[in-house]
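These are my notebook entries on one protein model. I set down what I looked up, entry by entry.

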Amino acid sequence: SFHVTSTIQLRYARTMVESKLVNPDNEAQMATFNMTIPDSAFIRNFSMEVGGEQFMARVEEKEKAEETFQKAVSSGRGAGLVSQETRDTNRFTVSANLEGAQKIIFRLTYDELLERKAGVYEQAINIDLKQVVPDFRVKVFLNESLPITTLKVPDLLESNAVDPTEETENSIARIVFPYEGNNKMAKIVFAPSVVEQAAAEEQGVSGKLVVRYDVDRQGQDSEVQVIDGYFVHFFVPENLKTLPKHVIFVLDTSGSME
C-alpha cells in the first residue's frame with residue numbers, strides 16, 4: 001500500500017507518506033522506500049516499523065550522516081539519507097533488509113510553506129512507485145482562513161518544463177468543494193485503481209500530483225497568520241510595476257553537448 005495525506009492550513013502544508021511492503025518469499029530481500037520532496041520542504045519525522053517494532057530516525061551533520069549511512073549499508077543494516085538529485089527537489093531513499101514473509105511500514109512526514117506564483121498557491125506531490133500498488137491513494141485537505149476562489153488539479157506532470165496552457169484536468173482526482181458546506185475548505189482524493197495504474201505505465205503511476213488554488217483577499221494585500229507561537233506575514237500586492245530585467249543566454253558548444 002502507498003498512502004499520502006496532505007493537510008494545507010493557512011498556506012502551510014504538512015504531508016504524511018506511509019508505504020507498506022511485504023516480502024512474499026521465504027528468503028530475505030531488500031525493501032526500498034523512495035520519496036522526492038520539494039527543495040523548500042523539510043523532513044519533520046521518519047520511522048520504520050518492522051515486525052511490530054518501530055525505529056525512529058535522527059538528524060545529524062551532513063558529513064557524519066553520510067559516514068553513518070555508508071557504514072550501515074556496508075554492514076547490511078537498513079539506513080536512509082536525504083540527498084539532492086534533481087532541480088528543486090530532494091530525493092529521500094531508505095533501504096532495509098526484510099526477512100521472508102515479513103512486512104515493513106515506512107512513514108515520512110515533511111512540511112512546506114507554499115508560495116504564491118503566477119497568481120496561485122501550488123503544492124506538488126511527487127509519485128514514482130515503480131510498480132502497480134493494490135492500495136494506492138493520495139488525499140489533500142485544504143483549510144483556509146479566507147474563501148477559496150480558484151482550485152485546479154491537472155493531470156500528473158512529468159517534468160518541471162510544462163506549458164500550463166497545455167494542461168488537462170485530472171480525470172481520476174475527485175474534488176469536493178466546498179467541503180462540508182464551507183467555501184474555505186476543500187478535499188481532493190487521487191486514488192487510481194490497479195487497472196488505471198497499469199494503463200498509465202507498465203511500472204505504475206509516475207509524475208507530480210499538483211494542486212493549485214487561491215483565496216479571496218477582498219482588497220487586502222497583507223495578511224498575518226499566527227499559530228503555535230509562530231507567524232507568517234503574507235504580502236500580495238496587486239499593482240506593482242514589472243521590474244526591469246537583464247538576461248544573459250549562455251550557449252554551450254563543447255564536445256560533451258553533442
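Predicted model: local features only at pLDDT ≥ 70, side-chain atom pairs only at ≥ 80, totals over all residues.

Entry 1: F231 counts as exposed because its relative accessibility is 60%, and the cut-off for exposed is over 50%. I located F231 in strand β17, which covers residues 230-235.

I then looked for a patch around this residue. F231 forms a nonpolar patch on the surface with V224 and V226. Together, the three have about 320 Å² of accessible area.

**Entry 2: a residue inside.** Is Y110 buried or exposed? I found a relative accessible area of 1% for Y110, so this residue is buried, the cut-off being under 20%. Y110 lies in strand β8, which is made of residues 103-113.

Next I asked which residues Y110 touches, leaving out those up to four places away in sequence. I noted A13, R14, T15 and V17 among them. The list also includes M35, I37, P38, A41, F42, I43 and R44. For T15 I looked up a distance as well: its C-alpha atom is separated from that of Y110 by 5.4 Å, although the two residues are 95 apart along the chain.

**Entry 3: the sheet that contains β8.** I traced the order of the strands as β5-β4-β8-β2-β1-β11-β14-β13. This is an open sheet of eight strands, and its pairing is mixed. Which strands lie at the edges? They are β5 (53-56) and β13 (174-176), each of which pairs on one side only. On average, neighbouring strands of this sheet are turned by 15° against each other, with direction ignored.

β13 is joined by three bridges to β14, residues 185-190, and the two run antiparallel. Within this pair, I175 stands opposite I188 of β14.

**Entry 4: an enclosed strand.** I turned to β15, which spans residues 206-215. Nine of its 10 residues are buried, and therefore β15 is largely enclosed by the rest of the structure.

With which strands does β15 pair in the antiparallel sense? One of them is β10 (residues 120-128), with eight bridges between the two. In this pairing, I127 has G207 of β15 as its bridge partner. Another is β12 (residues 148-152), which pairs with β15 over four bridges. Here I recorded V215 of β15 as the bridge partner of I148.

Technical notes. Residues numbered from 1 in each chain as written. Heavy atoms only, no water. Pairing = 2+ DSSP bridges. Axes fitted to C-alpha atoms, helices over the stretch in contact; angles between N-to-C directions. Buried < 20%, exposed > 50% of the residue type's maximum accessible area, 1.4 Å probe, protein only. Contact = heavy atoms within 4.5 Å. Patch = residues over 30% accessible without salt bridge, like charges linked within 9 Å, V, L, I, M, F, W, Y side chains within 5 Å. Areas by Shrake-Rupley, 256 points an atom, 1.4 Å probe, with all protein chains shown as cover. Salt bridge = Lys/Arg side-chain N within 4 Å of Asp/Glu carboxyl O.
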